[in-house]
Amino acid sequence: MNAGGRTISDKIIDAHTVDPADTGAYREVRVDALLGHDATIALLVDEFERRGLKIWDPERVIFTNDHFSPPATIERADISNTFLRFARKRDVTHLMLDRGICHQLLVENPLCTPGSLIVGADSHTVMAGGLGACATGMGSTDILYALATGTTWMQRPATVRVNFHGALGKFCNGRDVVLELLRLLGESGARYRSLEFHDLADRPLGQDDRFAISNMAVELGAKFGVFVPDDVTAEYCAARDGHRPALLAPDPDAPYERAVDVDLSALTPRIAKPWSPGNVVSVQDVETRPVSVAFLGSCSSGRITDIRDAAEELDGETVHPDVRFVVIPASVHVFQQALRAGYVTTLTDAGAVFNHSSCGPCGGIDKGVLGADDVCVSTSNRNFRGRMGHWESRTYLASARTVARAARAGHIGPDLYEAGSAGS
Amino acid sequence: MTTITGRVWLFGDDLNTDVIHPPQFFSLDEEKVRAGLFHGLDPGIQPRLRPGDVLVGGHNFGCGSSRETSVRSLKLNGIGALIALDFARIFFRNCTNNGIPCLTLARARDLQALRPGQVVNVDPEQARMTTEEGEEIPLDPPGGFVQRIWQAGGLLALLPDSRPERGA
Ligand code: SF4
């Protein structure tokens, strides 16, 4: 069945297949790294201990407490302690206490390289595809199995090829790109598929843009969202690890189920209306509506270029008095970058509040959750009903720049990007 | 896997895991996890669920988070089977791993024929559903891998007893 060309995910799965003779639909594959966080790992601790299991390789495990970091209630403190006790007792090498959101910590870790196969106990593990890894989220039971054996079962998924052309305009970033893909394909447009991103743009997409795009591959239903690794990837890894990684590419005759072309030059800022990340329109077409909360954070954004964009918009400006603007850097490393660049001063001067690097209100978890009357414009990845708080609250998804502009204006609407409001 | 008898509950497309089980009900406490099922959508649903009940949805059933509390809650409430046009990937794996059968309708039009509260029998191995009126609704046969997990009684039953730790 390997006759003919192979896509990136075909190659990575083949290279990790335990028994090379096994070409069946589901194969046992080795994993290079396993990602977990407080909430989902705590669910498997009892069962893991009851069965007397051992972690297959503690050096390949990255754990962080990001959902309850630091915990706000007694129940969460107990969950957090269950998780930490488990990790410490088993000498998990990369136990990152209060260092940020797991997906950001994964891409900051040298275990995450082009061609690696990674599983994580959280759906947004796909984000590591931004570096050319096949990474996917699983539930606690699958993760328990992988943690004990270093293996899991996988099919080679069909691949949808996405080609980016043109050049991204100044007011758009990776968020607008992936929201456009959601508009084009819908919430199940890549269900069970591998999305393979080919950056053919005149000016390559930055690494942060790629992370934003891969992160939301799961909102399209995808199993992987993998960029063909290139110079941008290599430079990022080299700065992180001190050496350039080996790259891999799909075969020229690789089979694609379909191809989608996106002209970045034509893209305008996008926004997803409640209550689906697929409910996307251009900001120019969204009806004007006051917002009470602006949120810049989550694994989907909250990176240095997002915070930079927001600081650019709010330099010398003020957040609208009716808006609470919550900013959460995706990791402590990102927070430190923002501090050094002066963005934290700019944004707090404007009226923003910074919270500790964690999931925050994204999953309706922590400080910044929404009440019944709240309307929120957010850089997170899901605006499902009730996800960020009250069932009646409403969330719009957009880029950091759009969120910052809405925070300043006190509303969303077409005027955010009308002539004269384009910012400095 | 034995035949399931229960009442039908109908849902639409893209029923996501935050709606199935709102994040506020994330807990290690079984009572809290059980009580959270569909709480945002309608707090009246959970108390009326009975063991064996069958949840029926459209496309992309279970999209969203990997949090297995949503599947635990289905289990704690005794949900017998899930029927849909298709399922989201992580949710399908989670249900299968935990012994809740997820089956897809062989004919999409049968979705229109099902009524809330109607009693159905679901035979997962035979991929067949019958209504109380005796109507047969064909389902897609589960794949070999899924059957293997069902027969074992869940994914964890397939764990090799002990593998030596690296370097041991
Ligand atoms: S930031 Fe949000 S989407 Fe990302 S891991 Fe945390 S809860 Fe999940």
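This is a predicted model: local features need pLDDT of at least 70, side-chain atom pairs count only at pLDDT 80 or more; totals for chains, interfaces and linings use all residues.
**View 1. Phe68(A) and Phe26(B) are both buried.** Phe68(A) lies in the loop between strand S3 (61–64) and helix H4 (74–89) of chain A, while Phe26(B) belongs to the loop between helix H1 (17–20) and helix H2 (30–35) of chain B, so the pair joins two chains. Phe68(A) and Phe26(B) form a tilted aromatic pair, with 6.0 Å from centre to centre and 55° between the planes.

**View 2. Tyr26(A) and Phe145(B) form a stacked aromatic pair, one of the 16 aromatic pairs that a search of the whole structure finds over all chains.** Their ring centres are 4.4 Å apart, and the planes make an angle of 15°. Buried or partly exposed: how do Tyr26(A) and Phe145(B) compare with the 20% cut-off for burial? Tyr26(A) has a relative accessible area of 23% and is therefore partly exposed. Phe145(B), at 13% relative accessibility, counts as buried because burial means under 20%.

**View 3. Tyr26(A) and Phe145(B) belong to one aromatic cluster.**

**View 4. The ligand sits in the second largest pocket.** Who lines up around the ligand? The surrounding residues are His67(A), His103(A), Asp122(A), His124(A), Ser298(A), Cys299(A), Cys359(A), Cys362(A), Asn381(A) and Arg387(A). Why does the ligand lie between two domains? Domain 1 (7–267) and domain 2 (270–415) of chain A both give residues to the shell, so the ligand lies between them.

**View 5. Thr395(A) is found in strand S19 (residues 394–397) of chain A.** With a relative accessibility of 5%, Thr395(A) counts as buried, because the cut-off for burial is under 20%. Look also for Ser380(A): Thr395(A) and Ser380(A) are 15 residues apart in sequence, and the C-alpha to C-alpha separation in space is 9.5 Å.

Key: Residues are numbered from 1 along each chain as its sequence is written. Chains are lettered from A and ligands numbered from 1 in the order in which they are written. Side-chain values use heavy atoms; hydrogens and water are left out. A residue is near a molecule or strand if one of its heavy atoms lies within 4 Å of it. On a 1 Å grid over the protein atoms alone, a cavity is a set of points where a 1.4 Å probe fits but cannot get out, and a pocket is an open set with protein on both sides within 12 Å along at least five of seven lines; lining residues have an atom within 4 Å of a point. A molecule sits in a cavity or pocket if more than half of its atoms lie within 2 Å of its grid points. Domain bounds come from an automatic or database domain assignment. Rings of Phe, Tyr and Trp (its six-membered ring) pair if their centres lie within 6.5 Å; planes under 30 degrees apart count as stacked, over 60 as edge-to-face and the rest as tilted. Buried means under 20% relative accessible area, exposed over 50%, partly exposed in between (1.4 Å probe, protein chains only). Helices (H or I, at least four residues) and strands (E, at least two) are DSSP runs, numbered from the N terminus.
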